[in-house]
Amino acid sequence: MTILHIDSSITGDNSVSRIVSQAIIDRLAEARPGVPVIRRDLAGAPLPHLTLDALADSAVLDEFLAAETVVIGAPMYNFTLPSQLKAWIDRIVVAGKTFRYTAEGPEGLAGGKRVIIALARGGFYSDDARVALEHLESYLRSVFAFIGIEAEFVMADGVSIGPEQRQAAIDQALGQTRQLAA
């Protein structure tokens with residue numbers, strides 16, 4: 001088993017998604033001592049936006065396909081995912097590799113892989129007034145389903161409302177990590 005750990009937050013040690021994604025890694029590694037963890041920091045070493053030349057390089061796709069479990073730290077920026085994370089997704093959603101088109105419609109080819117996403121959002125997006133602004137969880141859930149994976153989510157919401165709410169959101173998300181099946 002190999003775990004691929006993807007972080008995309010630009011805020012470094014202050015990042016809630018990094019705190020929570022690391023807690024998920026710790027939970028998984030505790031259950032399987034010695035499991036190899038490959039870490040890719042998309043803010044520290046960003047991938048360039050997709051070009052034909054970049055698409056020809058399959059290193060990112062190969063890394064994704066080789067991992068049994070993928071843990072992603074995903075903060076919400078301007079109602080959606082960071083562009084660094086989108087550049088990574090552009091390299092793993094590849095026709096003929098992670099999905100294919102059939103007469104019945106698209107078929108995901110990456111099933112059997114576990115993806116756990118540590119989501120951090122500054123506000124709350126579950127009520128009718130704000131749900132239309134949420135393009136992070138909805139996008140990630142859809143794109144991974146498209147390639148055959150039902151992603152799991154650990155959420156920290158309201159982290160920008162104030163220090164008390166930030167800590168409460170972190171505590172709640174860390175509690176969720178302890179409930180994850182290892």
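The model is predicted: local features need pLDDT of at least 70, side-chain atom pairs count only at pLDDT 80 or more, and totals for chains, interfaces and linings use all residues. Residues are numbered from 1 along each chain as its sequence is written, and side-chain values use heavy atoms, with hydrogens and water left out. The largest pocket holds about 250 Å³ of space. The largest nonpolar core has 34 residues.

**Largest pocket**

- A pocket is an open set of points on a 1 Å grid over the protein atoms alone, where a 1.4 Å probe fits and protein lies on both sides within 12 Å along at least five of seven lines.
- Grid points are joined across faces, edges and corners, and a volume is the space filled by probe spheres set on the points.
- The largest pocket comes to about 250 Å³.
- It is lined by 16 residues, and the closest to its centre are Thr 11, Val 16, Pro 75, Tyr 77 and Val 159. Lining residues have an atom within 4 Å of a point.
- Helix H1 (16–31) and strand E6 (114–121) each supply at least two lining residues. Helices (H or I, at least four residues) and strands (E, at least two) are DSSP runs, numbered from the N terminus.
- The lining has seven nonpolar, seven polar and two charged residues. Ala, Val, Leu, Ile, Met, Phe, Trp, Tyr, Cys and Pro count as nonpolar, Asp, Glu, Lys and Arg as charged, and the others, Gly among them, as polar.

**Annotated binding site**

- An unreviewed UniProt entry places the feature "binding site" at Ser 9, Ser 15, Val 16, Ser 17, Met 76, Tyr 77, Asn 78 and Phe 79.
- From this set, the lining of the largest pocket takes in Ser 9, Ser 15, Val 16, Ser 17, Met 76 and Tyr 77.
- UniProt positions follow the numbering used here, feature names are shortened, and annotations may be inferred rather than shown by experiment.
- Val 16 sits in helix H1. Val 16 is buried, at 6% relative accessible area. Buried means under 20%, exposed over 50%, and partly exposed in between (1.4 Å probe, protein chains only).
- Beyond its neighbours within four places in sequence, Val 16 is in contact (heavy atoms within 4.5 Å) with Ala 120, Ala 156, Val 159, Arg 166 and Ile 170.
- Met 76 is in the loop between strand E3 (69–75) and helix H4 (83–92). Met 76 is buried, at 12% relative accessible area.
- Leaving aside neighbours within four places in sequence, the contacts of Met 76 are Ala 120, Arg 121, Tyr 125, Glu 134, His 135 and Leu 136.
- Asn 78 lies in the loop between E3 and H4. Asn 78 is exposed, at 74% relative accessible area. Its phi is near 50°, a positive value in a residue other than glycine.
- Phe 79 lies in the loop between E3 and H4. Phe 79 is partly exposed, at 35%. Its phi is near 75°, a positive value in a residue other than glycine.

**Nonpolar cores**

- A nonpolar core is a set of buried Ala, Val, Leu, Ile, Met, Phe, Trp, Tyr and Cys residues joined through side-chain atoms within 4.5 Å.
- In the largest core, of 34 residues, those with the most contacts inside it are Phe 64, Ile 72, Leu 85, Trp 88, Ile 117, Leu 140 and Phe 144.
- Strand E1 (3–7), helix H3 (59–66), E3, H4, E6, helix H5 (137–146) and strand E7 (152–157) each supply at least two residues of this core. H4 gives the most, with five.
- Outside four places in sequence, Leu 140 is in contact with Ala 74, Leu 81, Leu 85, Ile 89, Ile 117, Leu 119 and Phe 153.
- A second, separate core has 18 residues, including Ile 3, Val 20, Ile 24 and Val 159.

**Helix H4**

- Seven of the 10 residues of H4 are buried, so H4 is largely enclosed by the rest of the structure.
- Those buried residues are Gln 84, Leu 85, Ala 87, Trp 88, Ile 89, Arg 91 and Ile 92.
- Their cover includes E1, strand E2 (37–41), helix H2 (52–56), H3, E3 and H5.

- Ala 182 is in the segment after helix H6 (163–179). Ala 182 is partly exposed, at 30% relative accessibility.
- Leaving aside neighbours within four places in sequence, Ala 182 is in contact with Arg 27, Leu 28, Ala 31, Arg 32 and Arg 114.
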